[in-house]
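User: Please take a close look at one part of this model for me. I would like to see how a single chain is built and how it meets its partner.

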Amino acid sequence: MIRYILGRVGQALAVLVVTFTAAFVLLQALPGDAIMIKFMSPEMGLSAEQVAEIRASYGADLPIWEQYLKTVGNFLSGNFGYSIQAGVPVRHQLAVNLPPTLQLAGLAFLAAVLLTVVLAAMSNMVGMGRLRGALQSLPSLFISIPVFWLGIMLIQIFSFQLGLVSVISPGPVEKLVLPVATLAIPISAPLAQVLMRNIDEVLAQPFVAVARAKGASRSWVLWRHVARNAVLPTLTIAGILFGELLAGAVVTEAVFGLSGLGGLTYQAVNNHDTAVLQAIVVISAFAFVTINLVVDLLYPVVDPRLGHRVATTT
Amino acid sequence: MVSMRTILSAAAIAAAIGASAALAQSSQPVKGGTLVYLEQQAHTNLYPPAGGFYPNGGVLNQITDKLTYQNPKTLEIEPWIAESWTVNGDATEYVFKIRPGVTFSDGTPLDAAAVAKNFDTYGLGNKELKHPVSEVITNYKASEVIDSLTVKFTFSKPSVGFLQGTSVIGSGLVSLKTLALPDDALGDATKIIGSGPFVVQSEVLGRELVLAARKDYAWGPARLAHQGRANLDVIKYVVTPEDSVRIGALLAGQAQVIRQVQAYDEKQVQSKGFTIYAPPTRGVNNSVVFRPDNPLVADLRVRQALLHATNAKEIVTTLFSANYPLAKSIIASTAQGYVDLSAKLTYDPALSAKLLDDGGWALGPKGLRQKDGKEMILTAYESPPQPQNKETLQLVAQQWAKVGVKLVVLAGDAGSRVADSLDPIKTPVAPAMVGRADPDVIRSQYYPATRNVLLQKGGLATRVQSFVDDKLNGLLEAIAAETDYAKRMALVGEVQTYVIDQAYTIPIFEEPQAFAASPRFKDFAFEAVGRPSFYAAWLAPK
């Protein structure tokens with residue numbers, strides 16, 4: 001088991017190194033850079049010599065491999081460099097923007113899981129009849145709602161029309177209600193789809209009929225036998241959905257004007273702020289890799305059969 | 001025993017007195033209150049010369065004072081931090097007398113030494129700290145502190161625009177502590193120490209900025225009606241990128257002022273009793289410019305043909321409102337030295353077609369003009385900060401298509417946009433505008449060493465092969481150096497005519513800055529180029 005974990009951690013590190021390098025190469029390959037965008041834009045009215053001096057002062061005139069080594073060294077020592085556009089250290093920007101995004105993404109994920117469980121449970125409750133069909137089609141509806149539109153609609157209805165929450169000067173909890181809903185609803189859709197389909201599949205298996213024949217109640221069978229079997233693919237999807245959570249956060253934060261990694265990414269992409277993007281890519285990759293590692297390690301816990309397989313193959 | 005009726009009528013009288021007192025007060029400025037101001041974009045680096053970017057200017061204008069004050073109505077330069085000044089005959093020496101008793105919010109004095117250090121930095125830049133040179137200061141040589149309240153500036157060549165240059169947001173005065181910080185640190189608003197009526201209290205980077213009134217502020221521009229501290233207690237800037245959220249929040253009472261209201265939203269805002277403010281930017285009009293280094297537009301007849309193929313009136317009536325006046329020259333009609341050239345800017349597709357025919361561009365099979373096997377396909381990038389620029393360019397493209405010229409409008413990312421905009425082959429056409437209330441703005445816009453919108457040789461654009469217009473540059477240099485007001489205005493007129501005769505640019509409209517405000521918000525003022533000033537503003541009670 002320890003060898004398995006070490007192996008997975010090794011893979012995760014390799015993914016990080018590859019991501020870092022790929023991001024560096026791709027960002028270098030883009031036309032223009034942050035220095036050009038900021039200092040060569042006509043508003044600055046600088047001469048070619050002045051721009052060259054600025055370029056040299058940022059070390060942007062060094063050969064690419066030298067810049068790469070420098071960046072690697074800086075990252076290892078925890079120095080993420082400066083945001084050229086915003087004129088502040090990247091560390092400072094991350095300190096401001098990372099916690100709210102983690103909070104938003106974390107709460108939205110919890111809300112999405114809750115919504116998924118409620119939907120799946122309700123659609124399998126006795127006596128739902130026709131409502132079952134309606135409930136099962138909700139995920140397809142949710143998945144086709146653009147985050148952007150949903151956010152604006154929620155703001156228009158709950159803040160501007162009904163005046164229930166303020167968007168501009170909200171309290172600490174008030175601030176999260178609408179953004180979490182905006183992000184959670186589309187994320188819950190694929191989760192619910194997978195979970196509902198799996199529940200249906202597991203319900204059709206012979207052992208369920210046996211359990212029912214033995215006199216177990218429908219809900220007992222659902223919770224004790226079906227849920228555990230159906231949750232595994234959902235867990236895999238949940239790990240992958242993390243990326244979508246970040247992408248959704250970009251849009252949600254822009255609509256609600258929240259500070260966060262989303263807004264930071266948006267601005268950095270617009271301005272080719274390489275140092276900022278590099279840090280965001282590494283942090284996102286780290287989070288992605290960690291979450292998927294945790295999901296992998298959870299498999300044997302949820303399904304003991306997998307634990308045996310891991311133990312025998314490694 | 002007092003009857004219920006007595007109590008009720010007493011209450012009614014009290015309410016009536018209260019109401020009439022409130023009514024009487026509503027025309028008198030009220031002290032206190034918090035203004036919530038919604039910005040579309042976050043501010044970037046707040047080094048004052050970077051104040052041309054509107055979100056930066058909107059902040060800097062409240063927290064810094066300027067040496068002089070440009071009256072937005074008369075455009076005259078009036079005293080502010082400088083009580084008086086003298087300029088020598090050829091505008092190479094300026095001496096300013098500083099108002100005594102002014103302090104920065106960190107307690108240090110705003111004296112001759114501080115002013116000297118500010119302009120040394122803005123005029124010469126600072127390599128070590130990466131501070132660039134200010135666009136509005138030309139030919140700067142050195143400063144000299146004559147006594148604690150007198151400072152002299154010298155210039156290597158005449159610098160007529162300098163006096164007006166001391167009044168702009170880009171010349172906001174900051175404390176020596178701020179100037180000692182590297183450019184990398186100036187994105188943090190709390191580091192910007194000015195002497196203005198408001199002080200930065202807190203900031204959530206990229207999201208929120210809180211300014212508080214400085215209680216001991218007593219040095220506003222001498223000729224302003226409002227004196228002493230600002231009326232408002234607090235200004236809260238909230239970055240709200242989404243247009244519909246800004247407008248919704250204003251109408252729902254969650255904010256009192258918003259910046260950037262598109263023309264198509266004006267009616268909705270006004271119909272609810274809110275006010276649209278559209279102060280002019282008074283500079284070079286919103287235009288489409290040519291890069292004659294590109295062979296496709298090197299021929300004067302082609303440029304003239306496209307000028308006459310453009311129906312600016314249709315653009316203004318289709319996309320904009322009365323707040324966007326039709327351009328009648330390369331500069332705004334509210335700018336100094338403006339000359340009405342509308343007779344030369346006619347929409348005339350027949351003349352346009354003739355000019356293209358004369359230039360050898362015959363209509364091809366696809367309805368596209370061609371010459372020597374080359375098709376007339378031009379490219380331009382949209383400029384996101386300009387109002388509805390994409391729609392404007394697309395409408396221009398439709399108009400040009402009618403005479404057989406194709407204009408491709410690209411969005412592109414910022415990197416490609418800046419890189420390609422410096423290459424005349426890739427962008428023979430570009431949108432352009434700039435605001436500043438001094439004729440020097442024309443030089444800024446066209447001169448090769450500054451904004452260089454025509455992409456002449458000698459600027460940042462290294463891909464330019466040969467295009468230089470010595471006559472134009474001579475006129476621009478003369479505007480920067482001419483000390484006689486009447487002669488300077490004559491040159492400003494001459495350059496407008498020359499640029500239009502050469503069809504270097506197609507002016508479209510005079511660009512305003514559009515704000516919307518709650519009816520409770522009073523005495524909302526703007527500096528000469530349309531950035532908000534909240535010094536005298538106040539909020540009437542609900």
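Analyst: Start with a definition: a helix here is a DSSP run of H or I with at least four residues, and helices are numbered from the N terminus. Keep in mind that this is a predicted model.

Now take chain A as a whole. Its secondary structure comes to 13 helices and 2 strands. The C-alpha trace of chain A spans about 85 × 60 × 30 Å along its principal axes. Chain A has 314 residues, and 34% of them count as buried. Look also at contacts in chain A with a separation of 6 or more. Residues 24 or more positions apart account for 73% of these.

Next, zoom in on α4 of chain A. This helix covers residues 64-76, which makes 13 residues. At 1.5 Å a residue, α4 of chain A should span 18 Å. Its end C-alpha atoms are 18 Å apart, so the two values agree. Just after α4(A) comes A:Gly78, with a positive phi of about 80°.

Finally, turn to the partner. The contact between the chains takes 48 residues from chain A and 47 residues from chain B. Several helices of chain A each supply at least two residues of the side that touches chain B, including α2 (34-39), α5 (90-123) and α10 (218-256). α3(A) gives the most to this side, with 6 residues. What kinds of residue make up the side of chain A that touches chain B? They divide into 25 nonpolar, 20 polar and 3 charged.

Note on methods: Residues are numbered from 1 along each chain as its sequence is written. Chains are lettered from A and ligands numbered from 1 in the order in which they are written. This is a predicted model: local features need pLDDT of at least 70, side-chain atom pairs count only at pLDDT 80 or more; totals for chains, interfaces and linings use all residues. A residue is buried if 20 or more other C-beta atoms lie within 10 Å of its own, exposed if 12 or fewer, and partly exposed in between; C-beta atoms are placed from the backbone. Two residues are in contact if their C-beta atoms, placed from the backbone, lie within 7 Å. The expected span of a helix is 1.5 Å times one less than its number of residues. Ala, Val, Leu, Ile, Met, Phe, Trp, Tyr, Cys and Pro count as nonpolar, Asp, Glu, Lys and Arg as charged, and the others, Gly among them, as polar.
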